[in-house]
Amino acid sequence: MSEAATPGVIPVDTHHGDDVDVRAIVVWGLVSVLITVASIAGLYALYTTFYDEQRVIKSYDQKFVVADNAISQQEASLEGNIRYLSTDGKTIGVPIGKAMEIVAKEFEQKQ
């Protein structure tokens, strides 16, 4: 008998290397999923940390120079004297403190 195999028949003891190792595939799949989840969680934690720091720096420590100047100018114009706001003399501007004094005097005179 000859040692050669008959055509189309594969000897049982030969290993061709195309067997699928399911256990290795499952293990590497789980490891890659865990690494991905850990990476996403770590990056999200870094993002929230830096976002909170930047929000504090940008909003709470910001100097509002233009807004403060505008408010100061408005307060100065409101605390001035009684003045005409229209050219026809029908609309006047009265500071709130003086307007309250005038209304209080008129109320006392009516009683």
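The questions and answers below go through a predicted model of one protein.

Me: Which pattern do the helices and strands follow along the sequence?
Reply: The secondary structure of the protein comes to 3 helices and 2 strands. When these elements are read along the sequence, the pattern is α-α-β-β-α.

Me: What percentage of the residues count as buried?
Reply: A residue is called buried when its relative accessible area is under 20%. The protein exposes about 10600 Å², and carbon and sulfur atoms supply 63% of that area. Of the 111 residues, the share that counts as buried is 2%.

Me: Is Leu30, a member of a nonpolar surface patch, buried or exposed?
Reply: Leu30 has its place in helix H1, which covers residues 22–60, and together with Val20, Val22, Ile25 and Val26 it makes a nonpolar surface patch of about 490 Å². The relative accessible area of Leu30 is 53%, and the cut-off for this class is over 50%, so Leu30 is exposed.

Me: How is the aromatic pair of Tyr47 and Tyr51 classed: stacked, edge-to-face or tilted?
Reply: A search of the whole structure finds 1 aromatic pair, and in this pair the rings of Tyr47 and Tyr51 lie 6.0 Å apart, centre to centre, with 20° between the planes. The two residues are 4 residues apart in helix H1, which means that about one helical turn separates them. Tyr47 counts as exposed at 52% relative accessibility, whereas Tyr51 is partly exposed at 45%. Because planes under 30 degrees apart fall into this class, the pair is stacked.

Me: Which residues does Thr91 touch, not counting residues up to four places away in sequence?
Reply: Thr91 lies in the loop between S1 and strand S2 (92–93), and with a relative accessible area of 39% it is partly exposed. Leaving aside residues up to four places away in sequence, the residues that Thr91 touches are Arg83, Tyr84, Leu85 and Ser86.

Note on methods. Residues are numbered from 1 along each chain as its sequence is written. This is a predicted model: local features need pLDDT of at least 70, side-chain atom pairs count only at pLDDT 80 or more; totals for chains, interfaces and linings use all residues. Side-chain values use heavy atoms; hydrogens and water are left out. Buried means under 20% relative accessible area, exposed over 50%, partly exposed in between (1.4 Å probe, protein chains only). Accessible areas come from the Shrake-Rupley method with a 1.4 Å probe; for residues, only the protein chains shown count as cover. Patches are made of residues with over 30% relative accessible area and no salt bridge: like charges are joined within 9 Å, nonpolar side chains (Val, Leu, Ile, Met, Phe, Trp, Tyr) within 5 Å. A salt bridge is a side-chain nitrogen of Lys or Arg within 4 Å of a carboxyl oxygen of Asp or Glu. Rings of Phe, Tyr and Trp (its six-membered ring) pair if their centres lie within 6.5 Å; planes under 30 degrees apart count as stacked, over 60 as edge-to-face and the rest as tilted. Contact means heavy atoms within 4.5 Å.
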